[in-house]
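I opened this notebook to keep track of what I looked up, entry by entry.

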Amino acid sequence: EKQRRKTAGWERKGARGALEGPDNVAYRLAISACARGGDWVKGIALLNEMKEVTGKADVIAYTAAITGCEYAGEWQHAFSLLEMMIREKVDPNEVTMAAIISSCATGCSKGNNSPAAFRKAMRLLMVMKKDPTVVNPNIKVYNAAIRACAEAGNVDAAFKLLEDAEKHKLEPNIVTFGTIMTACERTGSVEGMKQAFQSMDERDITPNEIVYGAAISCLRKASLSGQIMFLLRKMIQSNLKPNIATFNTILISQTEGQHGTLETLLETYKLLNASNEAKPNRQTYRILIKACCWNKRPRGAEAFIRCMRQNGFKPDVDLYTMTVTAYEKAGHPLRALKLMECMEEDGYSYYSIAPLNAAVKNAVKLVNAVGKSFTDEYDDEQSKWESNFENH
């Protein structure tokens, strides 16, 4: 008979016990995962399950569930969870309150009863200021409230909260001013934008890409494309890296009405190509191709179609249509017919597209009318200008 181990029957220190199901830590992690994944309903369900299994949910679990409501803009449910915390005598903290107020901001951005959401956010901040023993609002709470102002389109309220925060000895940070600039962008407030830059300068806070991006969008809404290029150059000189959304906003501003020219468009495109971070996307090429066609520069449009294809984007059929039509109207049928080859390679049949079919028929008629000696040359000035696009 084998000799039994000497440890048999003894409780060994550090030995694993029997698994008894999820503990508090597991529930907190699961609720946080639901919040990040956008499933706020499941997060609240897990919170309730946590209370049934472990006996109580703590502030971390409640805050995680409220964060899920924040991301979804479900501010009514966020406040319901706060009321539940109060009934169960679970004290909220600054992170909890910031998440609740941010849920109101997201609700405003999604149109979820925006006026009521904004009022509710401001009222909660007021309660905290009147009784700091509940939760003394820190700069994160104020930033959330300023974001609610931004999404509600209330620039004046955003600046008043900035002043109020400083009265309470809180130091605004880059997030504060990024949010204030967003408020200016939402409403197209150029005066507010200038005030925000001045306030940052007075506090020795350096603008980042988010601040500049919002300011550029604000200027676009105000149809001030000239000032936009100033900000773009200032960004680059400050070693900041504009993203493709910023570049696209600038390109759009330069194609709207009489506020830009194709020369400034080309300048922006060159700066984009010189960037190590931003790369043209589908929207970029759509903006450029449409601008060329509207300005009767089909060769430039074709150059961008080819760039688009080289960079892995399949041009939409309307881009082909407007470029071929522009060639036909400009009296350059051979180039229109040649572009058909690219179109067929991308799987489009121009016979099934009425505008294209008509343009091609007209081009063929023109070529047949003039015979084999037909030439399809541009004037030197236009050819030189459009070759700049092809070289970039």
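Entry 1, contacts along the chain. I looked at contacts in the protein chain with a separation of 6 or more, and found that residues 24 or more positions apart account for 66% of them. I noted that the model is predicted.

I counted 20 helices and zero strands in the protein chain. Of its 392 residues, 47% are buried. The chain exposes about 21200 Å², and I noted that carbon and sulfur atoms supply 50% of that area.

I found four aromatic pairs in the structure. For each pair I wanted two values, because a pair of aromatic rings is described by the distance of the centres and the angle of the planes.

I took Phe197 and Tyr212 to begin with. Their ring centres are 5.7 Å apart and their planes stand at 45 degrees, so I wrote the pair down as tilted. The cut-offs explain the word: planes under 30 degrees apart would count as stacked and over 60 as edge-to-face, so 45 degrees falls into the rest. I then looked up where the two residues sit. Phe197 belongs to helix H10 (residues 190-202) and Tyr212 to helix H11 (residues 209-221), so the pair ties together parts that are 15 residues apart in sequence. Both Phe197 and Tyr212 are buried.

Next I looked up Tyr320 and Tyr348. This pair is edge-to-face, with 5.9 Å from centre to centre and 65 degrees between the planes. Tyr320 is in helix H17 (residues 317-329), while Tyr348 is in the loop between helix H18 (333-345) and helix H19 (354-370), so parts that are 28 residues apart in sequence are tied together by the pair. I checked burial as well. Tyr320 has a relative accessible area of 0% and is buried. Tyr348 has 19% relative accessibility, and it counts as buried because the limit is under 20%.

Lys169 is not a glycine, yet its phi is positive, about 65 degrees. I located Lys169 in the loop between helix H8 (155-167) and helix H9 (174-187). Is Lys169 buried or exposed? Its relative accessibility is 75%, so Lys169 counts as exposed.

Asp204 is another residue other than glycine with a positive phi, near 60 degrees. I found Asp204 in the loop between H10 and H11. Asp204 is exposed, with a relative accessible area of 69%.

I went back to the loop between H8 and H9, where Pro172 lies. Pro172 has 13% relative accessibility and counts as buried. Which residues is Pro172 in contact with, leaving aside its neighbours within four places in sequence? I listed Ile139, Leu162, Glu166, Phe177, Arg203 and Ile205. I also looked up the spacing of Pro172 and Asn143: they are 29 residues apart in sequence, and their C-alpha atoms are 8.4 Å apart in space.

Methods: Residues are numbered from 1 along each chain as its sequence is written. This is a predicted model: local features need pLDDT of at least 70, side-chain atom pairs count only at pLDDT 80 or more; totals for chains, interfaces and linings use all residues. Side-chain values use heavy atoms; hydrogens and water are left out. Rings of Phe, Tyr and Trp (its six-membered ring) pair if their centres lie within 6.5 Å; planes under 30 degrees apart count as stacked, over 60 as edge-to-face and the rest as tilted. Helices (H or I, at least four residues) and strands (E, at least two) are DSSP runs, numbered from the N terminus. Buried means under 20% relative accessible area, exposed over 50%, partly exposed in between (1.4 Å probe, protein chains only). Contact means heavy atoms within 4.5 Å. Accessible areas come from the Shrake-Rupley method with a 1.4 Å probe; for residues, only the protein chains shown count as cover.
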